[in-house]
Amino acid sequence: MERPDNLVLEGAHIMRGSFRNFAAKEDRFGKPSKGYFHIDLSDNQDLVDALTRDGWAVKIKPPREEGEEPSAILKVNVNFKSDFKPPKVFMITNGSKPVRLDEESVGELDFADIQKADLVINPSVYDVNGKQGISAYLETGYFVCSADAFADKYATNDEELPFG
């Protein structure tokens with residue numbers, strides 16, 4: 001299987017809840033985990049078809065309720081322990097300048113209200129026990145997040161806080 005070019009996605013929809021583990025926390029059974037997140041590709045069938053045809057590990061999930069469409073999901077690994085190079089991960093809140101996150105701070109994205117993400121995804125071709133495919137690894141990610149109601153009021157700058 002030939003290695004395809006990097007996948008570049010603008011405005012990607014990052015799924016919530018158990019579909020995120022940027023911090024690589026242990027699973028509920030205490031088993032070590034690797035960092036990851038999932039992208040919902042359901043709104044772009046042409047992309048889903050192309051990725052599936054090329055061998056990317058796109059999962060099709062059946063609808064939860066009658067009348068809903070199946071969803072197409074791509075798991076993206078986040079590996080700061082790579083011998084190659086760690087991913088470049090940036091968080092943007094309230095139009096602020098991008099803040100680079102590292103292995104210690106990337107967990108902030110696990111519970112953030114991510115509105116959209118611009119991503120460069122590195123394909124990794126595998127051939128294990130006769131199964132071939134392409135796993136997705138984050139190379140660069142800009143994650144645009146909503147801030148809470150008080151974020152502007154308490155933004156850190158040179159001014160003092162409004163109390164005590």
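Author: A polar contact is a pair of N or O atoms within 3.5 Å; within protein, one must be able to donate a hydrogen and the other to accept it, and residues adjacent in sequence count only if both atoms are side-chain atoms. Asn6 gives a case: its side chain makes a polar contact of 3.4 Å with the side chain of Arg3. The model is predicted, so local features need pLDDT of at least 70, side-chain atom pairs count only at pLDDT 80 or more, and totals for chains, interfaces and linings use all residues. Residues are numbered from 1 along each chain as its sequence is written, and side-chain values use heavy atoms, with hydrogens and water left out.

Reader: Where does Asn6 lie, and which residues is Asn6 in contact with?

Author: Strands (E, at least two residues) and helices (H or I, at least four) are DSSP runs, numbered from the N terminus. Asn6 lies in the segment before strand 1. Contact means heavy atoms within 4.5 Å. Beyond its neighbours within four places in sequence, Asn6 is in contact with Val120, Ile121, Asn122, Pro123 and Glu139. Asn6 and Pro123 are 117 residues apart along the chain, yet their C-alpha atoms are separated by 6.1 Å.

Reader: Why does Asn6 count as partly exposed?

Author: Buried means under 20% relative accessible area, exposed over 50%, and partly exposed in between (1.4 Å probe, protein chains only). Asn6 counts as partly exposed because its relative accessibility is 29%.

Reader: Is His38 buried or exposed?

Author: Buried, because its relative accessibility is 14%. His38 has its place in strand 3. Its side chain reaches the backbone oxygen of Phe19 at 3.0 Å.

Reader: How do I read a nonpolar core?

Author: Take buried Ala, Val, Leu, Ile, Met, Phe, Trp, Tyr and Cys residues, joined through side-chain atoms within 4.5 Å. The largest such core here has 33 residues. Phe37, Ile39, Leu109, Leu119 and Phe143 have the most contacts inside it. Elements that give two or more residues to this core include strand 1 (7-14), helix 1 (45-54) and strand 9 (131-146). Strand 9 gives the largest share, 5 residues.

Reader: Which residues does Leu109 touch?

Author: Not counting residues up to four places away in sequence, Leu109 touches Arg20, Phe22, Val89, Met91, Leu101, Ile114, Phe143 and Cys145.

Reader: How is a pair of aromatic rings described?

Author: By the distance of the centres and the angle of the planes. Rings of Phe, Tyr and Trp (its six-membered ring) pair if their centres lie within 6.5 Å; planes under 30 degrees apart count as stacked, over 60 as edge-to-face and the rest as tilted. The structure holds 4 aromatic pairs. One of them, Phe22 and Phe37, is stacked, at 5.0 Å centre to centre with 15° between the planes. Phe22 sits in the loop between strand 2 and strand 3, and Phe37 in strand 3, 15 residues apart. Phe22 is buried at 2% relative accessible area, and Phe37 is buried at 0%.

Reader: Why is the pair of Phe90 and Tyr142 stacked?

Author: Because the ring centres are 4.6 Å apart and the planes are at 10°. Phe90 is in strand 6 and Tyr142 in strand 9, 52 residues apart.

Reader: Which residues form one aromatic cluster?

Author: Phe22, Phe37 and Phe143.
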